[in-house]
Amino acid sequence: MIITLRSILFYFGFALWTFLWGSVVLLFVLLPRGPRSWACGFWGRVSVYWLRWACGVRFRVTGEENIPKCPCVIVANHQSALETLLLWVIFRRISYVLKKELFQIPVFGWALRLSWPIGIDRRQGKRAMVQVLEEGKERLTAGFHVLIFPEGTRHPCGEVGEFSNTAAGLAVRARVQLLPVALNAGCFWPRDDWRKRPGIVEIRIAPPIMPGDDKAGVLTAKAHAWISQAVAQMDGGSAAPPPRPGA
C-alpha cells in the first residue's frame with residue numbers, strides 16, 4: 001500500500017514537473033545546442049531526485065572514471081524508462097537514439113526535440129540503421145555522446161536480450177570508443193508494473209573499447225558479454241567485477 005501511494009505521489013509530481021519544464025524549455029529553441037542540451041538534462045536530473053524523494057529509488061555508479069573525455073558511443077541494456085533519466089544525470093551532452101513517435105507527445109515531445117536526439121522509425125530496418133550512422137557521426141563531431149539501446153525494446157529485471165550492431169557500427173565508422181553501460185533499473189521501475197520499488201539502482205560503466213581493426217560484430221559481442229555478466233552480478237551473483245571487455 002505504501003509503495004502504491006508513493007508511486008502515485010511520484011507520478012503526480014513528475015507529470016506536473018514535465019509539463020512545466022516542457023512549456024518553459026521551448027523558449028530555449030533560439031539558443032545554441034549546448035544550453036538546449038543542458039535544459040533537457042536538467043529535467044532528467046530533477047526527475048531522478050524527485051523519484052528518490054517520493055519512492056526511495058536511489059542510484060550508485062561504478063566506473064565513472066572510465067567515461068572518455070572525447071565523445072563516444074554509449075551502448076546500454078534496456079529494462080526501464082528510468083535509464084533515460086539516469087544517464088542524463090551522468091552524461092551531460094548526450095544524444096539519444098529513440099522512437100520518433102515520442103516527438104508527437106504534446107509539450108514533452110516538442111521539448112524533447114531540443115536535446116538533438118536521433119528519432120528513428122524501427123520498422124524501416126536498414127534505413128533506420130543508415131540514419132543512425134549518418135546522424136550519429138554528426139552528433140559525435142559536434143561533441144555529443146550518442147546513446148543507443150541495442151536490444152530495441154525493454155527486458156525484465158536480470159535479462160539481457162540480443163544486441164544489434166548499430167552502436168558498434170557507428171563507433172567503427174566514426175572511429176570513436178564504444179562505452180558499455182550496465183543497469184538494473186527494471187528491478188525498481190519495472191516495465192510491466194507502474195509502481196516504483198525502493199532500492200539502489202546499480203550503474204556500471206566498463207572501460208571503453210577502441211574499435212581498432214575489429215568489425216562491428218566483434219565489438220558488439222564484447223559489449224554484450226560484459227553487460228550480460230555485469231547485470232547477472234547485480235541480481236545476486238558474484239560480487240567480483242566483470243572482466244575488461246575483450247580481455
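User: Hi! What kind of model is this, and how are residues numbered?
Analyst: This is a predicted model, where local features need pLDDT of at least 70, side-chain atom pairs count only at pLDDT 80 or more, and totals for chains, interfaces and linings use all residues. Residues are numbered from 1 along each chain as its sequence is written, and side-chain values use heavy atoms, with hydrogens and water left out.

User: Great. Where is His155?
Analyst: His155 is in the loop between β5 (145-148) and α6 (166-174). Helices (H or I, at least four residues) and strands (E, at least two) are DSSP runs, numbered from the N terminus.

User: Is His155 buried or exposed?
Analyst: His155 is buried, because its relative accessible area is 17%. Buried means under 20% relative accessible area, exposed over 50%, and partly exposed in between, with a 1.4 Å probe and protein chains only.

User: Which residues does His155 touch?
Analyst: Leaving aside residues up to four places away in sequence, His155 touches His78, Gln79, Gly161 and Arg191. Contact here means heavy atoms within 4.5 Å.

User: What about His224, where does that one sit?
Analyst: His224 lies in helix α7 (residues 216-234). With residues up to four places away in sequence not counted, His224 touches Val160, Gly161, Glu162 and Phe163.

User: Switching topic: at what angle do α5 and α6 pack?
Analyst: Helix α5 (residues 126-141) packs with α6 at an angle of about 50°, and their axes are 9 Å apart. That makes α5 oblique to α6. Axes are lines fitted to C-alpha atoms, for helices over the stretch in contact, and angles run from 0 to 180 degrees between N-to-C directions. Angles under 35 degrees count as roughly parallel, over 145 as roughly antiparallel, 65 to 115 as roughly perpendicular, and the rest as oblique.

User: Which residues meet there?
Analyst: From α5, the residues include Met129, Val132 and Leu133, and they meet residues of α6 including Thr166, Gly169 and Leu170.

User: And how do α1 and α2 pack?
Analyst: Helix α1 (residues 2-25) and helix α2 (residues 33-55) pack at about 165°, with axes 10 Å apart. The two are therefore roughly antiparallel to each other. Among the contact residues are Phe10, Phe14 and Trp17 of α1, and Trp43, Val46 and Trp50 of α2.

User: How many nonpolar residues are in that contact?
Analyst: The contact of α1 with α2 has 16 nonpolar residues, along with 4 polar and 2 charged. Ala, Val, Leu, Ile, Met, Phe, Trp, Tyr, Cys and Pro count as nonpolar, Asp, Glu, Lys and Arg as charged, and the others, Gly among them, as polar.
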